[in-house]
Amino acid sequence: MDSYLQNISDPSSSSHSHSSSPELYASGLPPSSSSISSIPENGDSRGPTPTVPAACLACRGKHLKCDGANPCSRCLSASSECVYVASRRGYKGPRKGSTANPNKRHASDTDSPPSATSDNCPMLLGAHVGGTPLPAMNTNTFNGGNRSLPDSSPISPFVAHAMQMFRNPYLSSSSSSSGPMVPSSNQAPPQRSIPEQCIDSFYFHFYPGHPAVLPKAHIMKMAEERNLEHLLSAMRWVGSLYIEVGPARGTFFDETMRLLYAPETAKDGFLVQAMIITIVGLDGCRNNSKARDLLSDAERVAIDLGLFTRPFATAHGMGNPRLEECWRRTWWDLFVVDGMIAGVHRQTNFLLFDFTADVGLPCEEHEYLSGKIPRPMYLEDFDDQIFSGEVREFSSFAYRVASIRNLGRMMRLPSSGFTPEESVDKVESYLSNWRLHLPESKKSCLSKDGQLDEMMFQAFMINHACTIILHQPLSQLDSSPAREVTACAPHRAVENGRSFNLHTRHIVTAASSISKMVTYNVPITKHTHFFTCVLTLSSIVHLSKWAAVYWIEDEDDLRSQIRLNIGALNTLSGVWRAAGTAGQQVKGVAQEIYRSRKAQQNSPQFWAEYTEQERMRSIAADNGIMSEISLLPSAPETVMPPPPAPP
């Protein structure tokens, strides 16, 4: 240390501008004699003149130049204690037993600013950190004005931490050559792959209408333990119908159909789930023949497995209540799909209705998602609830099952639906009892928190559709004007009557109720695809009424209902080809009815029994309906190629 002190030159040659506080330096770095013996680049042959980078506390407090001696000349002349502080922690009292100042620095021979390429103190925010190990500290290495951090400079963890703590969070990456110190928290998340987006789309759009598969997190975990690629492929394909994925949609479809019939695919409940999903997708895309074939195969697999029996869920649930509930839902969703296809298309006979199923009824959706599965109840419990005297709460899924069972009862009547009065009354008693005995919490499609209950939505939808199918043959609304609306089912001829009978009122009321279901504030594409066919049934009734009655007391309601139905079908056509076809047919029939009415209105004899006010109101109503229908956009392009023509 004495040799270090002997190297300090005359303090009078030091510059005041170079007096720097030791606070700016990292403590513990030993000085090097090489830092005080460097030769200036200007070639000056004079010996190096050391500078005094530190001042004693007395000189610093008076803002006077210090010569760096120990004691310095000012303290010596004032007979005061001369103390230097090397740490950022401040003065901690005089050093005891010290004969030399360990914090003394060597002076520089130049007053020029430090080089821009020199290394900076790593303790200073934004200072340069050299690419090589720091030599001994000297004043030429300090540059308080340069706050940049070159990309090529390695950063020690301590320095990086200090910079992250004090960096301005509002600075853009372009404001510094070094860019952001840490990844920005508001950066966009990584783009999800198309298969992942399709799975998300499936759960958002399709799952609410057919909630049989396991919740997403659970099915993805199970897919890591066993082969579920056939199920995931079906989910991807149906999910792709709702979003734009380009040619991937065709790839998903081909892969789904291959895996459903692949030899390595296990014939189990997961295969039935994959088939149900594909059946609904095919039916919505108007591949009805292929959907029926796949439905027959799914029914065969489910029956062979014994999916409709009570022990199946327990035997194949692996002790997991949620998985057991999943199997119960799978059977009943297949049951509903079978009934809906039979009812709206009138091409099949609801095969599963004839099987005596003793599998438990599904629970509420929130119980399924939470995993808090209650003890299941059964059909006999549901049928006996009025006479047993027990107060039992059944799920919305159970009322959906009960509603589709009424459709099966109606289809088992003789004469293929064209029934005598007594048979119609019998089935109507089932439909009315279903509505009358709904508990208060199930009398609306909305839950207590105002959210749509999709299972009750479908239950009401099926009930209204059954009413139209049951009563339409005996009603007095001529259905011939709507004979071209065949997107979902063949035309059923109904002759016109002189006045509205009870059956006519039934179907008019049911058709109006279906139209009102469009107004629920939820994305209409989240409803089951079969809502398309039920809307078509409703539209046929509205159009028949418009064509048959020239003076309509509820003309505003009728106009609104026709407009709602066409708008809903147009929206659904963005996903389902069947909806696009039905929407165009309904729109075309409406235009034809309008032209027919205009032609008849041109005859003076037509208005003989009407007042001038009635005539003007009727014409205004017709013009209003057609103006609104004409404003509706055409259905978008089909989402799937049309089915192949029959050989």
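**Helix packing and the nonpolar core**

Student: Which residues of H19 meet which residues of H20?

Tutor: Ile507, Val508, Ala511, Ser512, Ile514 and Ser515 in H19 meet Phe531, Val534, Leu535, Ser538, Val541, His542 and Lys545 in H20. Contact means heavy atoms within 4.5 Å. The residues of this contact divide into 8 nonpolar, 4 polar and 1 charged. This is a predicted model, where local features need pLDDT of at least 70 and side-chain atom pairs pLDDT 80 or more, while totals for chains, interfaces and linings use all residues. Residues are numbered from 1 along each chain as its sequence is written, and side-chain values use heavy atoms, without hydrogens and water.

Student: At what angle do H19 and H20 pack?

Tutor: Helices are DSSP runs (H or I, at least four residues). Angles run from 0 to 180 degrees between N-to-C directions. H19 (residues 502–516) and H20 (residues 531–548) pack at about 130°, with axes 9 Å apart. That makes H19 oblique to H20; under 35 degrees is roughly parallel, over 145 roughly antiparallel, 65 to 115 roughly perpendicular, and the rest oblique.

Student: How do H16 and H17 cross?

Tutor: H16 (residues 396–411) and H17 (residues 421–436) cross at roughly 170°, and their axes come within 9 Å. They are therefore roughly antiparallel to each other. Tyr399 and Arg409 of H16 and Trp434 of H17 are among the residues making the contact.

Student: Which residues touch the most other members of the largest nonpolar core?

Tutor: A core joins buried nonpolar residues (under 20% relative accessible area, 1.4 Å probe) through side-chain atoms within 4.5 Å. Trp332 and Phe531 touch the most other members among its 133 residues. H12 (residues 321–345) gives the largest share, 13 residues. Phe531 touches residues including Phe457, Ile514 and Leu572.

Note on methods. Helix = DSSP H or I, 4+ residues; strand = E, 2+ residues; numbered from the N terminus. Nonpolar A, V, L, I, M, F, W, Y, C, P; charged D, E, K, R; others polar. Buried < 20%, exposed > 50% of the residue type's maximum accessible area, 1.4 Å probe, protein only. Lists of a residue's contacts leave out its neighbours within four places in sequence.
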